[in-house]
Amino acid sequence: MADGTARTPIMKEDAADRLYIIDARNGVERQLLLDWVHATAGDNDPQWASLAIEDDDHALPLETLRARLDGQPSRQVVPLRVAWRIPGFERDRALKFRHILFGDPRHPGSLRARLILLRDRRRAQILVGEAATLAALRDRFAAQTGGGDAAGPDGAEFAGFVARQAGLALDVAERGIRGTRYKVPRFVADGLRTSPKFRAALAELSETTGRPVADLFREARPLMKEVIARPSALFLDLRARLDRMMFGGYAPEMEVDAAELARLRAILREHPTAILFTHKTYIDGATPSRLTHENDMPMLHSFGGANLDFAVMGEFFRRSGMIFIRRSFQDQPVYKLVLRHYIAWLLAKRFPLSWAFEGTRSRLGKLMPPKYGLMKYVLDAAHATGTRGVHFVPFVTSFDLIRDVEEYAAEQAGRSKKPESLSWFIGYMKSLKEPSGRIRLDIGNPVVIDAAPGADDKRALERIAFAVAVEANRVTPLTVTSVMCLILLGMAPRGATSAELLGAIGAVTDWARARGIRISSDLESGDDAALSATVDTLVTSGLLTRYEAGSENIYSIDPAKHPMASYYRNIIAHHFLDRAMIELVLFELRDADSGDATAAVWDKIDRLRDLFKFEFFYPPRDEHMAALRAELERIDPVWDRRLASGDRGIAQLLRRCQPVVGHAILLPFAEAYSVVADLLARAKPGDVVDEKVLLDAALTEGKQAYLLRRISSEAAIGKLLFANGLSLMRHMGLAETATPDVLAQRRALLAELRGLANVMETMRLSTVALADRLVGVGE
């Protein structure tokens, strides 16, 4: 009935022993279906049972159906339903928010249905689901439920199972006329409740906790209601409409590569899949769902924190496929069990999942270390159920402007985060109407897990998460916003003329193209009109400043906007990390009176890897060294001979490193760390590090250091930057109770960080000095 085989046509001569299950929401639908049965069955007294299966928010009255399931094993069970068509709906998806109040026009009430039939009976289409014999249904019931309740294959549980199978078969038939986007899970709680694996897990938990199974089951029932999403066609369409409203300030079409879209379609159709998106803003979780809905692909089940389950919006998102997860449930074994088996059920039924694998929005722009919780639950579920070939698909959304960035900058400066509420949501939606440029989607190659690792294999989990992160970084493109912020922050406080800026953009774009780094369409095409439109949006938003009163237009970033601009720069910083390390090391060594500098270069590279290990993802050392050698090869094919010749060769290498970007990438981290190191170096013997006190003090001292220009930008003042600096100190053993030896090491680290900052200031000055030569400069 719901096993995906081709439907058998209903022939009059085959009608001898057939039971019709009529899925009717009201008397009008029931009469339509009975009229059809009498016209096609070839029997004056056909057997039928009427149920409102499609409306699965209530228990079904199964007495009639149960009484009629005692026929011969060869009796066919044929499900029927009316599908109401909406003129033009398939073309423009014309649902409105008023339908929340008045109902889905695809599911009219009795009065509405009669009016539709009076106007046009063709709008009522009879659906015939895949038929199945009673023998086949009993076999399927035994296989899927282990036999169900004690009443056996003719009991109430079997009748409920047949009704659910009829509903699923009709859903498959209805998708044939409405589209794959409306494939939604049905009867999930019943499926879990009757699952032998779920029952066995409850029995095992009972033995572990000493609680009766019945008590655990009673606890599980409301948890199922809390966890399980209940998507429907109406709310999927309304969610799609809300998504379009969310992106009202952006260009109407999202940019996506056609080949990547086709590959994603095939993956969703053929494999258990999870789309893991990078998380820069509240709305980037809506881009995968918008993409799948607009392209008639299966709906995505997304995950959200329980803090978003508020008022009306919580129910709205639950009905459109969001699964709300408690922030902490370490000591809630029944909750964990329900969540794990729910995820396993979705995987087994090929319902794709989607979540932010960083766990929370990135407050700095860089990819944050992945959170393992949801990935572990998916892998544990796949391992427990033997599900193979799980595909984790990295998904990157790039926005010209992100409305959350101003909030992030304020949070990093010490302001408390505003709690989410309905009024907050309305205000946030209003802010999204402001012009914000374009949206680009990049879909990475899937990380395929042939056989899920065991629950205790933490190393395997880390490797999988790291592979997803690396692929997400790989497909993150350079955009006009990120490149302009990189260039202008690198030149600050000096601005740049239009010609200088275009020359620098061209040089960076050529550099990226040669390395296979993705580039947004407006950068790739060189379309001056598209570039100008994006720049105008950035100027209007206040992120960039344009001075037009002089003989040339001058672009710059207001110092107060540096924390915001650094966010966009950090999005692409990983692409330039190897280049930045090489530049910084070469500048450190250029005035050294030494011979062969090869060993010194690699020693200093290792030191930089250690200093900034809490900011960036590094591949294994051997792989990273190979990548650095490849970058040196691109800079100068005879780089090894240059290094061997000492400071003269280093100077020759540096001349081929234009434009210099290392200071724009690494300086904020070195300066932020120096603030933390300075505070720790001023401690007295016996002082203990209090993290909260230290980070609060760092915010104050960081502001003072900026006013005294001991640090160059407010972009180096931030709670997360300081927290990472403290993590570095802990890693080096410098956050222990202060002793004379520890204090001496803290001062040495402070001197090292300030020395690096001084070198990077020299790099900045060299960039400014060469600004008028940037036009036309290649590698």
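Start at arginine 350: at 31% relative accessibility, arginine 350 counts as partly exposed (between the cut-offs for buried, under 20% relative accessible area, and exposed, over 50%, with a 1.4 Å probe and protein chains only). The model is predicted, with local features needing pLDDT of at least 70, side-chain atom pairs counted only at pLDDT 80 or more, and totals for chains, interfaces and linings using all residues. Residues are numbered from 1 along each chain as its sequence is written, and side-chain values use heavy atoms, without hydrogens and water.

Stay on arginine 350. Its loop runs between α15 (333–348) and β9 (353–356). Helices (H or I, at least four residues) and strands (E, at least two) are DSSP runs, numbered from the N terminus. Now check the backbone: phi of arginine 350 is near 65°, a positive value in a residue other than glycine. Most residues other than glycine have a negative phi, and most peptide bonds are trans.

Next, select phenylalanine 187. Here too phi is positive, about 55°, and the residue is not a glycine. Look for phenylalanine 187 in the loop between α7 (156–178) and α8 (188–193). Phenylalanine 187 counts as buried because its relative accessibility is 11%.

Move to proline 493, in the loop between α20 (480–491) and β13 (496–497). The peptide bond that leads from alanine 492 into proline 493 is cis, with omega near 10°.

Last stop: glycine 249. Find it in the loop between α11 (233–246) and α12 (258–270). Glycine 249 has 11% relative accessibility, so it counts as buried. What does glycine 249 touch, not counting residues up to four places away in sequence? Show Leu432, Lys433, Glu434, Pro435, Ser436 and Gly437; contact means heavy atoms within 4.5 Å.
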